[in-house]
Amino acid sequence: MDSIVVIPTYNEKENIEAIIRKVFSLSHPFHVLIVDDHSPDGTADIVKRLMQEFPDRLFINERQGKMGLGTAYIHGFKYALANEQYRYIFEMDADFSHNPEDLLRLRDVCANGKADVAIGSRYVGGMVNVVNWPMGRVMLSYYASKYVRLITRIPIGDATAGFVCYTRQVLQTINFNRIKFVGYAFQIEMKYTAHRLGFNLAEVPIVFTDRTLGQSKMSKGIIMEALIGVFQLRLRKYKRNNE
Ligand SMILES: Nc1nc2c(ncn2[C@@H]2O[C@H](COP(=O)(O)OP(=O)(O)OP(=O)(O)O)[C@@H](O)[C@H]2O)c(=O)[nH]1
Ligand SMILES: [Mg+2]
């Protein structure tokens with residue numbers, strides 16, 4: 001019971017039950033925390049019904065409204081840190097873009113001491129492992145990662161990846177008050193911050209599959225935040241603890 005997967009949800013009624021059941025079918029006993037932003041489609045009700053079946057390993061935190069992915073994750077991280085048993089804290093989407101089976105591979109990398117942060121990466125070793133995305137979106141994501149790498153010098157091929165295992169120590173060390181971004185830039189900011197704080201980041205190749213059910217929450221605002229945000233990151237200073 002050392003691992004918890006934080007899954008943020010906004011209108012995921014088509015996916016949520018299947019993804020939870022899939023995680024609970026894995027060979028490692030993962031716990032799951034759903035952070036739901038008052039989804040109008042009733043996602044939270046489905047989770048609460050399942051909580052009766054999985055009372056010891058499924059949890060939900062509900063927020064008042066849609067406040068963005070970044071703040072949902074920070075909310076989830078704080079919940080996980082408050083419980084000392086969790087040594088490996090995961091980020092994963094609800095829409096099956098991330099294959100839950102890969103949780104085991106990400107966890108192994110951290111549990112074997114190979115890294116403090118294991119990143120499920122679409123772009124590693126010259127490969128682009130994305131299924132079902134329109135070419136325009138693949139290009140956007142791929143070149144966004146290249147751009148981030150150029151500006152920040154972070155040694156990661158997939159800087160906006162949202163499938164990550166953090167060791168407890170990393171999340172304890174990062175000052176969440178200083179994490180400012182909410183969209184893709186949040187993913188960049190977390191990796192960059194961990195890197196600047198001296199933690200080891202490792203990329204684990206994964207295949208990313210576009211959602212087949214439910215709706216995307218991507219927006220122009222999120223893309224702009226990321227484009228401008230990387231410059232702001234570059235200008236910042238980092239030190240451990242009392243930042
Ligand atoms: N709690 C919460 N969850 C969110 C919010 N925005 C997105 N999510 C969830 O975050 C995860 C990723 O969002 P997606 O809509 O899949 O974003 P994406 O992967 O960029 O876009 P597509 O997969 O193309 O739809 C999903 O589980 C969403 O339900 C939010 O504001 N609050
Ligand atoms: Mg998605």
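Me: In which pocket does ligand 1 sit?
Reply: In this predicted model, a pocket is an open set of points on a 1 Å grid over the protein atoms alone, where a 1.4 Å probe fits and where protein lies on both sides within 12 Å along at least five of seven lines. A molecule sits in a pocket if more than half of its atoms lie within 2 Å of the pocket's grid points. By this rule, ligand 1 sits in the largest pocket.

Me: What pLDDT do local features need in this predicted model?
Reply: Residues are numbered from 1 along each chain as its sequence is written, while chains are lettered from A and ligands numbered from 1 in the order in which they are written. Side-chain values use heavy atoms, without hydrogens and water; totals for chains, interfaces and linings use all residues, side-chain atom pairs count only at pLDDT 80 or more, and local features need pLDDT of at least 70.

Me: Which residues around ligand 1 come nearest?
Reply: A residue is near a molecule if one of its heavy atoms lies within 4 Å of it. There are 20 residues around ligand 1. The nearest of them are Glu 12, Asp 37, Arg 137, Tyr 184 and Arg 211.

Me: How many residues of the shell around ligand 1 are charged?
Reply: Asp, Glu, Lys and Arg count as charged, while Ala, Val, Leu, Ile, Met, Phe, Trp, Tyr, Cys and Pro count as nonpolar and the others, Gly among them, as polar. The shell around ligand 1 holds 8 nonpolar residues and 3 polar ones, and the number of charged residues is 9.

Me: Which strand and which helix each supply at least two residues of the shell around ligand 1?
Reply: Helices (H or I, at least four residues) and strands (E, at least two) are DSSP runs, numbered from the N terminus. The elements that each supply at least two shell residues are strand 1 (3–9) and helix 3 (69–81).

Me: With which side chains does the side chain of Asp 2 make polar contacts?
Reply: A polar contact is a pair of N or O atoms within 3.5 Å; within protein, one must be able to donate a hydrogen and the other to accept it, and residues adjacent in sequence count only if both atoms are side-chain atoms. Asp 2 lies in the segment before strand 1. The contact distances of its side chain are 2.8 Å for one partner and 2.6 Å for another. These partners are, respectively, Ser 3 and Arg 107.

Me: Is Asp 2 buried or exposed?
Reply: Buried means under 20% relative accessible area, exposed over 50%, and partly exposed in between (1.4 Å probe, protein chains only). Because its relative accessibility is 15%, Asp 2 counts as buried.

Me: How far apart in space are Glu 91 and Pro 8, C-alpha to C-alpha?
Reply: Glu 91 belongs to strand 4 (residues 88–91). Glu 91 counts as buried because its relative accessibility is 0%. Although 83 residues separate Glu 91 and Pro 8 in sequence, their distance in space is 8.4 Å.

Me: What is the phi of Arg 153?
Reply: Arg 153 is found in the loop between helix 5 (135–152) and strand 7 (164–167). At 59% relative accessibility, Arg 153 counts as exposed. Arg 153 is not a glycine, yet its phi is positive, at about 65°.

Me: How far apart in space are Ile 206 and Phe 163, C-alpha to C-alpha?
Reply: Ile 206 is placed in the loop between strand 8 (201–205) and strand 9 (208–209). Its relative accessibility is 3%, so Ile 206 counts as buried. Ile 206 and Phe 163 are 43 residues apart in sequence, and their distance in space is 9.3 Å.

How values were computed. On a 1 Å grid over the protein atoms alone, a cavity is a set of points where a 1.4 Å probe fits but cannot get out, and a pocket is an open set with protein on both sides within 12 Å along at least five of seven lines; lining residues have an atom within 4 Å of a point.
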